[in-house]
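Okay, everyone, thanks for coming.

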Amino acid sequence: MLTIYKLSLTQMLRPKRLLILLFIASVPVALSVVAAIFPPDTEDLVSFRDDFLMGPIVISAVLPIITVVLATASLGHEIEDQTMTYLFLKPVSRWGIILPKFLATITVAGVVVIGSGVLTTVIVPEGSVTTSAAAAVGLAVGVLAYTSIFTWAGLMTSHALALGLVYVFVWEAAIVGFLQGVRWLSIRHYTEATIHGFDDIQFAGDAATLSLPQALSAAGIVVVLFVALTIRRLTRMDVA
Amino acid sequence: MTLSDNQPVAIEPEEEVANSRVEPTITVSNVSKWFGDVVSVNDVSLEVRPGLTGLLGPNGAGKTTLLRMICGLTRPSGGEIQVFGEPVRNNPELYRRIGVMPEHQSTYDFMSGRAFVELNARLQQVPDVKTAVERAIEQVDMQDAQNRSIGEYSRGMKQRMRLASVMVHDPEILLLDEPLSGTDPRQRIEFQELMVRLASEGRTIMISSHILEEVEAVADRILLLVYGKLAASGDYHVIRQKLRDRPYIVRVGASDVRALAAGLITEPSVESISMDGEGHIQILSRSVWELQLAIPKAAQALGIRLTRVDPLDDSLESVFTYLADR
């Protein structure tokens, strides 16, 4: 498993892709530096951090984009370019392939996304250790949930990345924004609710509609369900 | 015997009969595979024993699909496959004893050749990775280029390094899909020598190819797949003899084709002669060697100038179809 984990990390850390991901992750950090250099009023600063940097940028853009890009590629690209056969034809069970690939995605996405979120909360004045820790835990929940869904999606279709972006920007950003009843089906809201549960951040002035236990339970169900679906799919599928 | 009879031609000389007493390592029983409405492999049954077996057939005959099913990558639509008496599908432990080289050329191009072989050794949980990697790379004569990136390799070099990766765990069964693709003549000879040596050590080696000559030098036995059906199986040399006996059609153009036809019709090598719509004659012969001497001889004797001599059905597909229809 360690061999596949290292292989997956090497594939994900190819310089070109990594630079693009780091660029995306650096946007909120750069904006928080600007806010630190030219600080507005304290109230505005908190609102800028929560309602602009953390909500719309880190949670709604950096987290899903980076995680969806890495997760859809982790198995999907290997199926597409047929290198997956080298793993399938080894004395390794299918879950023994999925688990290290899943962990590698979480490692890279986690470091980049959580790093981006934590740095953002640290650099903007008025932050606290609790705020940074809450951001780290919430983003970790988001990374786990997105990774499990989109690793599976990468196996199901070669258009997983496009579908992932539609999910993020149409479903989560638009539809769920208007229909609060379907927030149970939004990873973004699990993330926000987790952060809100650890620190009283009110994203866009809107109290989280899920409690912390609800958010963690829902995220847990998503992770277990989609990891199981991924193993099932990988066990049954024919490989070219 | 035709394909519609659904029974392959079995060509079993004495050695083949003796070999049949050895337990088969691969057993394929009534296996079919279809993709939507397209039948790729149709009710194939065969047994493969230690030694070198060539899986022959024209492109699209179902060779790759059959090999993928044998190694468990693809699930049969019907029938059963066993390797060492066990089902191969979802049985990863079997891969300790099997080495598979797929037809596709994809590799992890960002790695060096050595790193790629080493990766395969580690995934196979080989106890002494360093020794196994060096042995495998030496077997394919890639020591000099082992530290270069695979992305920089020629097609032939990539094939050799892929072969090293397949052999790194010293498997008892080798399934190689078009392994000689992209290799040069010297590499082919070396590859053939290596395969013969590995087979002589008691391994089961199955090589698929659409090129008869690639398999001719090494395979003890061939399996001929045509249109997804097993058309013939048995000793290669017997099948080769049948190839020599197959009829050829040769088209001949000349200054006076009718006179040439009259002069050739009595030749023993000529079975029949007909005219085509373009003013040429088409000669059916079972002895091309004799015919190629008879045509100029007759033309010279009759004072006729030859303008063209073309074999009409020398395509590989016609060869396979001929064998399948025998």
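Predicted model: local features only at pLDDT ≥ 70, side-chain atom pairs only at ≥ 80, totals over all residues.

You'll find B:Asn30 in strand β2, residues 26-35 of chain B. Its phi is near 50 degrees, which is positive, and this isn't a glycine. Most residues other than glycine have a negative phi.

B:Tyr227 has a positive phi too, near 55 degrees. That residue sits in the loop between β10 (221-226) and β11 (229-235) of chain B. With 18 C-beta neighbours inside 10 Å, B:Tyr227 counts as partly exposed.

Now for the inside. The largest nonpolar core has 136 residues, and A:Ile66, A:Val113, B:Ala164 and B:Leu175 touch the most other members. Helix α3 of chain A, residues 42-80, gives the most to this core, with 15 residues. Another core lies apart from it, with 14 residues, including B:Val250 and B:Ile304.

How far do we trust chain B? Its pLDDT averages 84, and 87% of the residues score at least 70. Confidence in chain B is lowest in helix α1, residues 14-19, at a mean of 53, and highest in helix α3, residues 113-123, at 95. Over residues 1-6 of chain B, pLDDT stays under 50. For the complex, the predictor gives an ipTM of 0.82 and a pTM of 0.78.

Technical notes:
Residues numbered from 1 in each chain as written. Chains lettered and ligands numbered in written order. pLDDT = per-residue confidence, 0-100. Helix = DSSP H or I, 4+ residues; strand = E, 2+ residues; numbered from the N terminus. Contact = placed C-beta atoms within 7 Å. Core = buried A, V, L, I, M, F, W, Y, C linked by C-beta atoms within 7 Å. Buried ≥ 20, exposed ≤ 12 C-beta atoms within 10 Å, placed from the backbone.
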